[in-house]
Amino acid sequence: MQIKKFLSATLVGVCALSFSGCGDNAEEVQNLIHKGVQQHNAGNDVDAMNSFNAAIKLSPNNSEAWAYLGNVYNALQNYDKAISALNKAVDINSENAYAWICLGSSYNSKQEYDKAIESFNRALKIGNLKNGENSSALAGLGVAYANKGEKERGLEFLNKATELDPRNEYAWENIEIIKKDLAKK
């Protein structure tokens, strides 16, 4: 049984942007990232990729731009490029919870569940997460455990995700999938 893929577009809305370290082009970089997020949310991933790449060209050490670029690659199901961009994001800023969450999503999609679990746990250890980010990380963690064969443990994390954010459709959908699977046994 394969649990639903992580919904990358929903993550863009839960992450607060931090633009420190952008240098003299901070406002331009911020505008490009904002534009890329809007393009991604509108389903224009090629345009979003171009905006994030332009931001990276101006500020190569901008962890957020790399994370958002990785998320676009996730949406395009190019998981190897996503992992590369997301690893760059966490190399630059190991406290970028959004990048860790997206990295976990990439690993879930590639069925590399141990790496997914490690990535989601890294995100959860970061103390500045908002409830939506915690909920996304917990849901991804739950899916990784369920796909790894630890369905009950997966349900625990998915239920925690819905306690933090009752509107987390991804968590609710996967809870139902796991419950149906467990009922068959």
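**View 1. Salt bridges in the predicted model.** The structure holds 7 salt bridges, a salt bridge being a side-chain nitrogen of Lys or Arg within 4 Å of a carboxyl oxygen of Asp or Glu. This is a predicted model, in which local features need pLDDT of at least 70 and side-chain atom pairs count only at pLDDT 80 or more, while totals for chains, interfaces and linings use all residues. Residues are numbered from 1 along each chain as its sequence is written, and side-chain values use heavy atoms, with hydrogens and water left out.

**View 2. The salt bridge between Arg153 and Glu150.** The closest N and O atoms of the pair are 3.6 Å apart. Arg153 has a relative accessible area of 37% and is partly exposed; Glu150, at 30%, also counts as partly exposed. Buried means under 20% relative accessible area, exposed over 50%, and partly exposed in between (1.4 Å probe, protein chains only).

**View 3. The salt bridge between Lys151 and Asp181.** Here the closest N and O atoms are 3.7 Å apart. Lys151 lies in helix 9 and Asp181 in helix 10, so the pair ties together parts that are 30 residues apart in sequence. Lys151 counts as buried at 11% relative accessibility, and Asp181 is buried at 15%. Helices are DSSP runs (H or I, at least four residues), numbered from the N terminus.

**View 4. The contact of helix 9 with helix 10.** The axes of helix 9 (residues 151-164) and helix 10 (residues 169-183) come within 9 Å and cross at roughly 150 degrees. Axes are lines fitted to C-alpha atoms over the stretch in contact, with angles running from 0 to 180 degrees between N-to-C directions. The two helices are therefore roughly antiparallel to each other, a term for angles over 145 degrees. Residues of helix 9, among them Leu155 and Leu158, meet residues of helix 10 including Trp172, Ile175 and Ile178; contact means heavy atoms within 4.5 Å. The contact residues divide into 8 nonpolar, 3 polar and 3 charged (Ala, Val, Leu, Ile, Met, Phe, Trp, Tyr, Cys and Pro count as nonpolar, Asp, Glu, Lys and Arg as charged, the others, Gly among them, as polar).

**View 5. The salt bridge between Glu112 and Lys115.** The side chains of Glu112 and Lys115 meet at 3.4 Å, N to O. Glu112 counts as partly exposed at 25% relative accessibility, as does Lys115 at 42%.

**View 6. Gln38 in helix 2.** Helix 2 spans residues 26-41. Gln38 counts as partly exposed at 48% relative accessibility. The C-alpha atoms of Gln38 and Ala48 are separated by 7.8 Å, the two residues being 10 residues apart along the chain.

Note on methods:
Parallel < 35°, antiparallel > 145°, perpendicular 65-115°, else oblique.
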